[in-house]
Amino acid sequence: MERREILKKIFDARKKRREEMWEALKANRAAYVSLYIVGALVIMAIMGSLVTPYNPYDFDLSRARMPPSISHPFGTDELGRDILSRILAGARYTIGISVASVALGVLIGVILGLVSGYLGGLWDIIIQRIVDVMLAFPTILLAIALVASLGQGVASLIIAIAVSTFPVYARLVRGVVLQIVSEDYIAAAKLLGKSSTYIMIKHVLPNSVSAIIVQATYYMGLSILLASALGFLGLGVPPPTPEWGSMIGSGRTYLFSSPHIVVFPGLFIMISALSFNLLGDGLRDALDPRTRVLLRRG
Amino acid sequence: MEKILEISDLRIYYYLPQGIIKAVDGVSFDIYKGEIFGIAGESGSGKSTLALAISGLLRPPAKVVSGRILFMGRDLLSLDSEELRKIRGKEISMIFQDPSTYLNPVYTTGLQVAEVFEAHRGGSARKYLSMVVKLFRMVKIADPERRVNAYPHQMSGGMKQRVLISMAIAERPKLIVADEPTSALDVTIQAEIVELLNEIRRETGSSIIFITHDLALLLEIADRIMIMYAGKVAEIGRAEEIAKDPLHPYTKALLASLRYERKKRLQSIPGSIPSLISPPPGCRFHPRCQYAMDICSKRDPDSININGRIVSCFLYGDHHGGDFKR
Amino acid sequence: MVITMEAILSVRNIRKYFPVSIGFLGSKKYVRALDDVDLDLYEGEVLALVGESGSGKTTLGRIIAGLLRPDQGKILYRGIDIYEKGGFKKEVRHKIQAVFQNPDSSLNPRLQIFDILGESILSREPGLSREEVLDRAIKLLKLVGLVEDHIFKYPHELSGGERQRVAIARAISMEPEILVADEIVTALDVSVRAQIMNLLMDLKEKLGLSIIFITHDMGLVWSISDRVAIMYLGKIVEIGPTESIFKSPVHPYTKMLLYSSPTASSAEAYKDPNYKARGEPPSPIDPPKGCRFITRCPIAVDKCSKEHPPLTRIFGEHMAACIRYTDTAKGYMLQK
């Protein structure tokens, strides 16, 4: 075969593999649907505030606590604000904060986990002790403490959640790395004289991705709940910002009299967390070449 | 000699989304009382599936498509799960490859062996511990009184395998199915375990089916050997006879690859083991066979009996309308 | 290829213990994987390293390949210490390469064969263009008996034997002089085993390799090795020319090994029924003070428990670590 042909075949094979991953994801119905839901949520987060039928901050006590109707599909809250508009505008906060905090937490956790698992020795001992101490705190307490000391606001919320969750990634990544390190292809890379950093980035990390993604998407769900919980406790973004959690918090007095105030934000929180989780499961199966082979060949 | 097991035209297929794997495709053989019957085969030969079928441990997606497994005259395939349970462990017992996965780490080994008695005689396992001590002595576990209270992790691999063997012989079964019982063990430990199995066969009269990929091992310990390839039987015969005069080309090739000569190239078999979903037409070995003839790619050879040796190959018998020729 | 008496590799006083902590406040205990091991590899030879689990052969293989640092001792490649302060000496890193046992874990499952071989090709020649790398990679594939079609495949699309061939191709792409082959055919089917062994020997001749062949299969040892070292619980108990070891083994463990090995029958091994396998190896954490084989040795005497016998020259290059070697050697003389 001619060189050109071979190179083409190489690239074709790579493309085919990416397509297979996509097919594997599609095969998992729940994950596939979740992908679209997540996509919709992300769009909502980006553009939500632009398409609100009403101004999410406009309050009108005379129209307070109205049940869902044609003019207000989700009803109005305790201050007469349109809940649908607040949900659309609030996506930016709830989803945005979760994504940012997970991204930050994953970044820190992955680096620590890689170093801890691959380099071992003193690095491992120190990092693991830090992780142990942090894991000893209940996540929400840690988050509360951090927000309390950092002050309220989006940034401190992101930092608080990221810091409360990175230990879990660190531990998970370390576990995955330890398994990968025992594989012979890592030893083979060492035989080539490659540096530890090179091996960590080029060989260990790509093979840990599927585990990391699952945990990240699961924690996305958890972050959403955490951000909402903080918001519910009044520690999240300060009112009147329409963050879903704080919506539940301020509306909880009316839980039985006007449940819609709490139900709709709650529903959206639930759908978001669930979709990220299911997407994560699907991604894990789709990304791991060995599971895919098992599904294919048997 | 008394026939313990009679397998006729057994076919076991795995039904998978990607196709049907014909793991065992028309296998027939007999086992006699007190013999060590070796089943040799490489990966994909179907030997492990066969072991599971005889032990009554087959699960979907595996399915017995046709054939019979007659144990002492009863067709195991027609029994319900309750009747099978009575036979399993008592009349037919099993020894598998990796003892670590077959011993529960949270119970003492003595208790686990005693469970075999409990399952077939009732009562609580504890009262059988003294019988377990006797069993441990029989399988040459040193210091048996102490060892019955040992946990699996406190034992070496060889010792754990002896525990499994003691479980297998507890109820004096007529047939022991050993699937790669020594493959996970060091060669010196393997030698001891094999010797032990031989002794057990002599003392209790149990028949042993010894399944392994290690043909060299079988040549040393088995009375008769069955060579399997890609779900089919290639050859069955007495170990010494097969060693001296192999008939099936696959047997010849296997034996040749075991011939280690100083500083000479090893005999290899070209090609590789075929897919079991779409095996080659006709004889499954023909693409790799140096004696392949036209008919080999068209029809599947029947088994013929030549002076007690069973072989499935067109080189023999009157498929060609003549005497068997080499 | 003529075997020169030049030691291309010298292993001196290698010690490697692995810590095992017993309990929370327990004292630190060690698995004595390797204890004061000396070895020479002559240029152009195949030296077999034989042992069962716990012998230390794999650990020694990894130390020689530069993948594991010994606690004590040196590995000298043509007189140069391969371990330097930071790790493996860069200039000679490519001279010693290895192939491992498990075909499932030897190749990165996310990479195509092209990338896997490309990585090692570029390690040797960093400036190559993609087309040049492709050319070299295809040449390598052909050298190990694979077709160029394999270049765009992923590891899971190849059979175990094919994956081992790729692993071998990767190792030789570094242009090594020494190859450590650690149980490279153990996980393969018998029919494929011979193919890979023949490939190894062909490559050895073609490329002038010196090979350390780690195995527990005595048949393979008989077939390809010039010398063999028998290891037991972290020590070399017997070493010498293969024919001498097989025809007149001296150490009781060697005799036990030869007697128990089914494949040793085809080799002209000396099988002594007095050395039928018996007993269990002691724990490698606290080996007995004297000779470590004492728990299973049929000819052990009191003196054996006092101290571990040194490797003593029996005849020619044949050495054994057994204080009763004179009786054993006498036995052979009487037979002649």
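Biologist: Is the crossing in which α6(A) passes α8(A) left-handed or right-handed?

Modeller: α6(A) passes α8(A) in a right-handed crossing. A crossing is right-handed if the near helix is turned clockwise from the far one by less than a right angle, and left-handed if anticlockwise. This is a predicted model, in which local features need pLDDT of at least 70 and side-chain atom pairs count only at pLDDT 80 or more, while totals for chains, interfaces and linings use all residues. Residues are numbered from 1 along each chain as its sequence is written, and chains are lettered from A and ligands numbered from 1 in the order in which they are written.

Biologist: Why are α6(A) and α8(A) called roughly antiparallel?

Modeller: Helix α6 (residues 154–181) and helix α8 (residues 196–232) of chain A pack at about 155°, with axes 9 Å apart. Axes are lines fitted to C-alpha atoms, for helices over the stretch in contact, and angles run from 0 to 180 degrees between N-to-C directions. Angles under 35 degrees count as roughly parallel, over 145 as roughly antiparallel, 65 to 115 as roughly perpendicular and the rest as oblique. The two helices are therefore roughly antiparallel.

Biologist: Which classes of residue make up the contact of α6(A) with α8(A)?

Modeller: L157(A) and I161(A) are among the residues of α6(A) that meet α8(A), where V204(A) and N207(A) are among the partners. Contact needs C-beta atoms, placed from the backbone, within 7 Å. The residues divide into 15 nonpolar, five polar and no charged. Ala, Val, Leu, Ile, Met, Phe, Trp, Tyr, Cys and Pro count as nonpolar, Asp, Glu, Lys and Arg as charged, and the others, Gly among them, as polar.

Biologist: What makes R32(C) buried?

Modeller: A residue is buried with 20 or more other C-beta atoms within 10 Å of its own, exposed with 12 or fewer, and partly exposed in between. R32(C) has 21, so R32(C) is buried. R32(C) is in strand β2 (residues 28–42) of chain C, and touches Y17(C), G234(C), P284(C) and P287(C), not counting residues up to four places away in sequence.

Biologist: How many residues of α4(C) are buried?

Modeller: Twelve of the 13 are buried, so α4(C) is mostly covered. What covers them includes α7 (184–191) of chain A and α2 (113–124) of chain C.

Methods:
Helix = DSSP H or I, 4+ residues; strand = E, 2+ residues; numbered from the N terminus. Contact = placed C-beta atoms within 7 Å.
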